[in-house]
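Please open the model in a viewer and keep the selection tool at hand. The tour below moves from one selection to the next.

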Amino acid sequence: MSTEVKKSGRLIKAPENFLSKEDAKSPALMRRKFLAASVSSAAASMAAMGLASNARAAAPVAGAGDPNILNLPTHTTGLGQPVAANPYGMPSQYEKGLQRRESPGLTRVSAASVAFTPLQGTFGIITPSGLHFERHHQGWWDIDPSKHRLMVMGLVKNPKVYTMDDIMRLPSVSRIHFIECGANTAMEWGNVAVPTVQYSHGMVSCSEFTGVPLSVLLEDCGIDMKKAKYVLGEGADGSSMTRTIPLDRALDDVLVAYGMNGEMLRPENGYPLRLVVPGIQGVSWVKWLRRIEVGDQKWATKDEAVHYIDLMPDGLHRQYTGIQEAKSVITTPSGGQTLLDKGFYNISGLAWSGRGKIKRVDVSVDGGRNWRTARLETPVLSKAFTRFNIDWVWNGGPAILQSRAQDDTGYVQPKINQLREVRGTRSIYHQNAIQSWKVAENGEVSNVQVY
Ligand code: MTE
């Protein structure tokens with residue numbers, strides 16, 4: 001019987017548990033710490049199993065003396081926990097490391113900050129509600145739904161105030177959509193800034209939302225179609241979040257949503273009511289929605305006239321650029337992870353477009369010289385995450401992994417230098433460039449920019 005451990009395709013997870021402020025500034029330092037930690041924990045588990053580190057032949061092999069098979073664990077012989085021990089189910093204790101996290105040092109006040117989705121650890125296209133990214137301008141609230149009201153007013157014949165019961169009696173739809181903050185990947189405009197995909201791309205999530213089409217509410221209030229051109233959404237939190245939405249979009253696929261992934265919205269994501277504006281940057285998805293106003297011109301509110309604008313190379317700002325263009329990222333292998341051996345790996349990632357469906361994703365392992373077309377997993381939905389996968393056999397040499405998305409309008413995700421030619425390097429929003437992950441000969445994966 002062979003005593004050789006089969007090692008192909010093993011990977012050390014990204015160091016999601018212990019990113020300090022110091023680490024965030026220096027990806028190299030962080031990798032060194034992680035490797036040191038993983039070496040010592042491997043040594044510790046060998047010791048716990050009674051294996052001296054020089055006793056190589058004693059390493060367990062599946063089916064060949066593995067104590068995990070030979071010694072019956074109590075979960076095979078004992079009585080397990082009763083039903084409803086956790087009335088609201090929680091992830092396994094062994095998955096504790098996978099959490100949304102604040103990027104150390106990014107903001108001064110946690111109530112006006114971001115917690116990023118750990119994209120490196122999610123599967124498929126739905127983001128678990130507890131891992132959905134959070135972005136608040138003035139903290140979040142758990143609002144009593146019996147007291148929450150939505151007012152619809154302005155250029156309508158019958159202005160109305162709806163209770164949550166009123167809204168939940170109306171015809172509803174459920175749709176799967178991504179939401180991406182316009183500032184996702186913002187830190188990477190000028191240079192590489194953060195080590196892992198959680199911090200470089202984690203201001204995007206994808207959920208099934210349930211609610212009433214905004215068109216139904218506007219019709220219910222008798223919208224004045226001759227005069228109306230824009231709709232304003234306003235939130236009930238202290239940030240006075242107000243955003244203008246053009247009428248054609250408001251009547252198209254915008255939802256006034258109360259459901260997310262089969263349950264009510266989580267408080268952090270706008271409970272009990274939020275706008276869902278598919279394909280448009282997250283700031284327009286007004287949370288804790290309390291007012292809709294119909295008007296005939298843009299409101300030029302602070303969050304569209306002064307913030308959420310694009311600084312162009314000539315020093316002028318572009319306003320009202322809401323659409324999130326096609327973008328993709330390889331989530332594994334990705335920054336901070338370490339490939340342990342040569343051999344087979346499944347390269348997996350996510351692609352999305354604010355203009356429609358993803359048509360194709362190409363993957364390169366040599367920094368963009370050669371490309372292969374990845375497999376798109378179903379479902380492929382409009383303005384939603386699309387999961388892609390492709391096989392790769394790592395030969396142990398240096399590699400640069402990239403993915404390039406194309407949507408059904410024919411738009412192709414640009415390289416970082418192509419984007420900079422048009423947008424400069426001092427912008428914040430709408431950074432959708434191709435992401436590069438460098439695999440070093442020692443297996444360490446790091447964030448690099450390739451032109
Ligand atoms: N709505 C209100 N009322 N207050 C806010 O601070 N933040 C906006 C938007 N809606 C915000 C808001 C921003 S900038 C984003 S990116 C999304 O909500 C984030 O939604 P999420 O926290 O559910 O991920």
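**A tour by selection**

Begin with Tyr308, which is found in the loop between α9 (302-305) and β15 (310-311); helices (H or I, at least four residues) and strands (E, at least two) are DSSP runs, numbered from the N terminus. Although Tyr308 is not a glycine, it has a positive phi of about 60 degrees.

The model is predicted: local features need pLDDT of at least 70, side-chain atom pairs count only at pLDDT 80 or more, and totals for chains, interfaces and linings use all residues. Residues are numbered from 1 along each chain as its sequence is written, and side-chain values use heavy atoms, with hydrogens and water left out.

Next, select Pro272, in the loop between β12 (263-264) and β13 (274-276). The peptide bond that leads from Tyr271 to Pro272 is cis, with omega near 10 degrees. Then move to Pro333, in the loop between β17 (327-332) and β18 (338-339). Thr332 and Pro333 are also joined by a cis peptide bond, and its omega is about 0 degrees.

Now display the ligand with its shell of 22 residues, of which Phe133, His137, Asp237, Arg274 and Lys287 come nearest (a residue is near a molecule if one of its heavy atoms lies within 4 Å of it). By class, the shell has 9 nonpolar, 7 polar and 6 charged residues; Ala, Val, Leu, Ile, Met, Phe, Trp, Tyr, Cys and Pro count as nonpolar, Asp, Glu, Lys and Arg as charged, and the others, Gly among them, as polar.

For Lys287, an N or O atom in the side chain is 2.5 Å from an oxygen atom of the ligand. For Trp285, a backbone N or O atom lies 3.1 Å from a ligand nitrogen. The protein covers 100% of the 530 Å² of accessible area that the ligand has on its own (Shrake-Rupley method, 1.4 Å probe).

Finish with the aromatic rings, where the count comes to 6 aromatic pairs (ring centres within 6.5 Å; planes under 30 degrees apart are stacked, over 60 edge-to-face and the rest tilted). Select Phe116 and Tyr199: this pair is edge-to-face, 5.6 Å centre to centre, with 65 degrees between the planes. The pair links distant parts of the chain, 83 residues apart, with Phe116 in strand β3 (residues 114-116) and Tyr199 in helix α6 (residues 197-201).

Methods
A polar contact is a pair of N or O atoms within 3.5 Å; within protein, one must be able to donate a hydrogen and the other to accept it, and residues adjacent in sequence count only if both atoms are side-chain atoms.
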